[in-house]
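Trainee: I am new to this structure. Please take one part and go through it closely.

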Amino acid sequence: MIIYLTRHGQTNLNKARLMQGLTDEPLNETGLAQARAMREKIGDVHFDAVYASPLNRAVMTGAIIGGVDPSEVITDPRIIEADFGVYEKKKYYLMGPAMTLYWTLPEIFPAPKSVETTASLRERSSSFLRELEEKNYGTVLIACHGGIMRALSGYLEDKKNGLAWRPKPHNCEVRVYEAKDGRHRTVERIRL
């Protein structure tokens, strides 16, 4: 199975540099253009299935890059963005040391109270991917978010700690993986 993994396009909250977790913010014009540009860049890839987080920005990104109607996108709550708790919609540079350190180096610093842990992100993403790998698809697209994409990538890169935290995924960046017999291989990374 070939898995295309992408982060959603830009939203107004991204543009304002605000933490955007579970807020259902739609793509802005730049985000829509990014998704269309990525679809053009990957060419006429046919996806047997397009999965997305239930949030509109991921569904629309998946529909555009996947070349399908939004009604055809299969949503799964396990690939929704991290819950940032009290830090939701806070400026990146005004989060305070606890959240800044955690989101920069989660391997070392614990999640602040009210914020979803990386252990939870890893569990959700691995549950989703294990189930996906049992399906009989040739090529699949997964549209998600920057935080959960780091856990999904960690699983698909067979990282010991289950995270591929750096480099941070860009809007509409695509990471392509091959999953075969329980093993994974990075095929390529595509950026705009």
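Mentor: Here is a close look at one helix, the sheet under it and its partners.

The model is predicted. Take helix H5, residues 118-133. This helix lies across strand S1 (2-7), strand S2 (49-52), strand S4 (139-144), S5 and S6. Its direction is at about 160° to S4.

Now the sheet itself. Six strands form it, and the sheet is open. Read across, the order is S3-S2-S4-S1-S5-S6. The pairing is mixed. Strands of a sheet pair through backbone hydrogen bonds, either parallel or antiparallel. Which strands stand at the edges? They are S3 (74-75) and S6 (183-190). Each has a single partner strand, so one side of each is left without a neighbour in the sheet. S6 runs antiparallel to S5, which spans residues 174-180. Seven bridges join the two. In this pair, Val176 stands opposite Glu188 of S6.

Back to H5, and to its helix partner. H6 covers residues 146-156. H5 and H6 pack at an angle of about 55°, and their axes are 9 Å apart. The two helices are therefore oblique to each other. Their crossing is right-handed. From H5, the contact uses Leu121, Arg122, Arg124, Ser125, Ser126, Phe128, Leu129, Arg130 and Glu133. From H6 come Gly147, Ile148, Ala151, Leu152, Tyr155 and Leu156. By class, this contact has eight nonpolar, three polar and four charged residues.

Side chains of opposite charge can pair when their charged atoms come close. Here Glu131 pairs with Arg78, and the closest N and O atoms are 3.2 Å apart. The pair links distant parts of the chain. Arg78 sits in the loop between S3 and helix H4 (97-104), while Glu131 is in H5. The model has seven salt bridges by count.

For another helix pair, look at H2 (residues 29-42) and H3 (residues 56-66). They pack at an angle of about 30°, with axes 8 Å apart. That makes H2 roughly parallel to H3. H2 passes H3 in a right-handed crossing. H2 brings Leu32, Ala35, Arg36, Met38, Arg39 and Ile42 to the contact. H3 brings Thr61, Ile64, Ile65 and Gly66. The residues of this contact divide into six nonpolar, two polar and two charged.

Definitions and conventions. Residues are numbered from 1 along each chain as its sequence is written. This is a predicted model: local features need pLDDT of at least 70, side-chain atom pairs count only at pLDDT 80 or more; totals for chains, interfaces and linings use all residues. Side-chain values use heavy atoms; hydrogens and water are left out. Two strands pair if DSSP finds at least two bridges between them. Helices (H or I, at least four residues) and strands (E, at least two) are DSSP runs, numbered from the N terminus. Contact means heavy atoms within 4.5 Å. Axes are lines fitted to C-alpha atoms, for helices over the stretch in contact, and angles run from 0 to 180 degrees between N-to-C directions. Angles under 35 degrees count as roughly parallel, over 145 as roughly antiparallel, 65 to 115 as roughly perpendicular and the rest as oblique. A crossing is left-handed if the near helix is turned anticlockwise from the far one by less than a right angle, and right-handed if clockwise. Ala, Val, Leu, Ile, Met, Phe, Trp, Tyr, Cys and Pro count as nonpolar, Asp, Glu, Lys and Arg as charged, and the others, Gly among them, as polar. A salt bridge is a side-chain nitrogen of Lys or Arg within 4 Å of a carboxyl oxygen of Asp or Glu.
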